[in-house]
Amino acid sequence: MEDIEDLLVGNGVGGAPSGFRLPLGSVGFNPKQSKNKPNLEKKSNIQDSVIPGTQTIYMKTFGCSHNQSDSEYMAGQLAAFGYLLSDNPEEADLWLINTCTVKSPSQSAMDTLLTKGRSSKKSLVVAGCVPQGSRDLKELEGVSIVGVQQIDRVVEVVEETLKGHEVRLLNRKTLPALDLPKVRKNKFVEILPINVGCLGACTYCKTKHARGHLGSYTVDSLVGRVRTVKAEGVKEIWLSSEDTGAYGRDIGVTLPILLNAIVSELPPDGSTMLRIGMTNPPYILEHLKEMADVLCHPCVFSFLHVPVQSGSDAILSAMNREYTVSEFRTVVDTLTELVPGMQIATDIICGFPGETDEDFAQTVSLIQEYRFSQVHISQFYPRPGTPAARMKKVPSAVVKKRSRELTSIFEAFTPYNGMEGRVERIWINEIATDGIHLVGHTKGYVQVLVIAPQSLLGMSAIVKITSVGRWSVFGELIETLNQINDDIPLKEEKFSPAKCSPCSVPGEICACSTEPETCACCEPQSCEGKISMEEGSVSRKDMLPEDQNSQSLFKWLLRKRKNYRQKRAENEIALGSKKKEERDQGSVNSWDLVDRILLGGIFVSIFTIAALILHLRFW
């Protein structure tokens with residue numbers, strides 16, 4: 001089926017405002033044909049009588065945060081027109097699947113879902129990068145399609161699909177408006193796309209086929225969106241893009257200009273934080289100092305995702321990545337030096353065509369040298385229509401072996417060991433998958449799990465790190481930040497990027513000075529997520545009283561039991577497959593060694609006390 005054009009009835013108007021539903025005649029569609037022609041008219045009449053906005057929609061999203069943002073915009077428009085959104089696919093009348101084309105497994109998951117939907121007689125709409133980049137796929141026959149730049153017309157597509165029509169909107173047009181209705185997956189997090197497409201031409205990438213060339217939103221429109229979501233109670237703003245670093249090169253501005261404009265709109269108390277999205281090395285090399293200044297800001301997480309993909313220059317050249325390993329090192333080394341507490345995540349593709357043992361060894365060496373806390377490791381998947389799909393492939397057994405080897409090396413790292421005992425400021429915005437812990441992040445975006453009331457969601461707090469795991473750390477709540485602020489006055493001086501070198505431990509010599517003084521980079525409670533307790537009336541000693549009897553056997557057993565529980569909880573959260581009921585049931589049915597010792601100690605104590613009472617009574 002060919003792409004349809006927007007057809008307006010009568011007056012020849014060229015379009016409608018974003019988010020408004022066009023008349024029926026404005027949407028081209030292809031009525032589904034029936035072999036039983038006498039029943040076609042009757043079926044069509046029934047379908048056309050469907051009342052729009054009364055049905056239930058199930059949405060499934062694959063892929064990146066940009067896709068998640070698109071889904072939130074589509075959900076917002078559907079909800080605004082009366083459709084009920086459900087997490088239960090069985091009770092839904094229509095399934096809307098937002099797809100990802102980066103890897104074969106994501107597309108295979110789409111195929112499986114479409115097959116299940118057809119067998120369940122569900123109306124189907126497919127959105128995202130798969131149909132935009134591969135519109136002639138056999139799996140997409142008979143389903144409606146919404147292109148990546150047509151998400152503001154999802155209501156029209158859903159209405160016509162529910163009537164039994166097949167609709168396809170794939171033509172590229174202007175960028176979708178940022179002020180469309182939106183239903184956020186997390187009401188405290190706004191995923192803000194700053195541009196679509198990219199300037200690269202990576203030989204393995206299918207996303208470029210879907211998202212196209214770079215198209216940036218204006219600084220004013222993005223700043224306006226920040227003002228809006230801040231007023232709506234959003235506490236974290238995630239900038240999303242196929243390549244954040246390339247922002248603005250098509251409209252004559254740079255990423256640092258945008259970031260500084262956004263930061264100026266954020267509350268100075270750090271109650272709303274900014275997270276900068278993935279950026280490839282080529283486009284931030286010339287802005288490293290400016291980027292470091294922004295990442296030092298108390299309202300910006302000191303975290304950046306910079307994919308390297310390989311530690312071999314030969315493979316990077318075959319990938320057409322437009323940078324060298326040395327340039328990647330420059331990015332990492334500069335940001336790590338200029339931004340205290342900086343956390344960098346990266347990506348690796350194992351088994352790219354032509355990768356030799358020596359190439360892979362260079363990749364392993366790079367990862368071992370920097371010991372990144374987050375590395376996304378994937379096997380090479382040839383995507384149809386890309387140059388890499390025509391290259392000579394590495395045997396699949398070798399690819400899997402390399403992937404397992406690198407994963408084993410990475411998982412042996414212990415990136416958070418030095419955090420135990422530290423006092424950190426965290427921002428709490430979600431509930432962990434175990435249903436017990438709340439999830440917060442430090443300024444370096446380290447995940448912190450705390451047991452606290454859900455009323456703290458959307459708030460900032462001061463915690464003491466009590467134990468560390470492989471993927472996250474555990475914290476003990478000291479105070480919410482608002483209560484801390486009553487006792488600890490804020491500094492009057494303005495933020496100065498050149499002075500931003502947060503103190504690693506309160507009371508120690510600040511990295512930005514050779515004298516033993518408090519950190520001068522920003523407000524004390526915003527300094528890399530930590531506070532200098534010496535600046536307020538509440539001392540660290542008062543807030544963190546030392547247990548004078550910590551060496552006692554009973555307290556030692558309690559601590560061991562707590563650490564065991566925390567490590568088990570972290571494993572459950574990392575797997576994401578445990579429910580609260582299952583964990584509670586398991587806690588009742590399985591008694592570990594520490595539990596048994598504690599119970600035995602309690603019984604011994606009870607008998608000892610009873611014996612003493614009897615002895616004193618009859619003495």
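I take buried to mean under 20% relative accessible area, exposed over 50%, and partly exposed in between, with a 1.4 Å probe and protein chains only. I take helices (H or I, at least four residues) and strands (E, at least two) as DSSP runs numbered from the N terminus.

**Ground rules.** I am working on a predicted model, where local features need pLDDT of at least 70, side-chain atom pairs count only at pLDDT 80 or more, and totals for chains, interfaces and linings use all residues. Residue numbers start from 1 along each chain as its sequence is written, and side-chain values use heavy atoms, with hydrogens and water left out.

**Overview.** I looked up the secondary structure and found 18 helices and 21 strands. Of the 619 residues, 50% count as buried. I then checked contacts (heavy atoms within 4.5 Å). Among those between residues at least 6 apart in sequence, 73% join residues at least 24 apart. The protein exposes about 28,900 Å², and carbon and sulfur atoms supply 54% of that area. The areas come from the Shrake-Rupley method with a 1.4 Å probe; for residues, only the protein chains shown count as cover.

**Strand E18.** I went to residues 438-441 and found both faces of E18 covered. Leu438 and Gly440 are buried on one side, Val439 and His441 on the other. Next I looked up the partners, where two strands pair if DSSP finds at least two bridges between them. E17 (residues 423-431) runs antiparallel to E18, with four bridges. Glutamate 430 of that pair stands opposite valine 439. Six residues separate E17 and E18 in a hairpin, and glycine 435 in the turn has a positive phi of about 75°. E19 (residues 447-450) is also joined to E18 by four bridges, again antiparallel. Here glycine 440 faces valine 448. The E18-E19 hairpin has five residues between its strands, and tyrosine 445 takes a positive phi near 65°.

**The parallel sheet.** I traced an open sheet of six strands in the order E3-E2-E4-E5-E6-E8, with parallel pairing. Strands E3 (84-86) and E8 (168-169) stand at the edges with a single partner strand each, so one side of each has no neighbour in the sheet. E2 (residues 56-61) pairs with E3 over three bridges. Isoleucine 57 is placed opposite leucine 85 of E3.

**Helix H8.** Which residues of H8 (residues 255-263) are buried? I list Leu255, Pro256, Leu258, Leu259, Ile262 and Val263. They sit on the same side of H8 because they cover an arc of only 160° around the axis, taken from the directions from the helix axis to the C-beta atoms. These buried residues pack against helix H7 (219-231), strand E12 (236-240), strand E13 (273-275) and helix H9 (288-296).

**Salt bridges.** I required a side-chain nitrogen of Lys or Arg within 4 Å of a carboxyl oxygen of Asp or Glu. The search of the whole structure gave 16 salt bridges. I opened three of them.

- Arginine 225 meets glutamate 190 at 3.1 Å, N to O. Arginine 225 lies in helix H7 and glutamate 190 in strand E9 (residues 189-193), so the pair ties together parts 35 residues apart in sequence. Arginine 225 is buried at 7% relative accessibility, and glutamate 190 is buried at 0%.
- Glutamate 355 meets arginine 402 at 2.9 Å, N to O. Glutamate 355 is in the loop between strand E15 (343-350) and helix H12 (357-370), and arginine 402 is in helix H13 (residues 396-411), 47 residues apart. Glutamate 355 is buried at 5%, as is arginine 402 at 6%.
- Glutamate 405 meets lysine 401 at 3.9 Å, N to O. They are four residues apart in helix H13, so about one helical turn separates them. Glutamate 405 is partly exposed at 34%, while lysine 401 is exposed at 51%.

I also noted a network: salt bridges that share partners join Glu72, Lys182, Arg184, Glu190, Arg225 and Glu232.

**Surface patch.** I looked for patches, made of residues with over 30% relative accessible area and no salt bridge, joining like charges within 9 Å and nonpolar side chains (Val, Leu, Ile, Met, Phe, Trp, Tyr) within 5 Å. Leu599, Ile602, Phe603, Ile606 and Phe607 form a nonpolar one, with about 490 Å² of accessible area together. Phenylalanine 607 belongs to helix H18 (residues 593-617) and counts as exposed at 58% relative accessibility.
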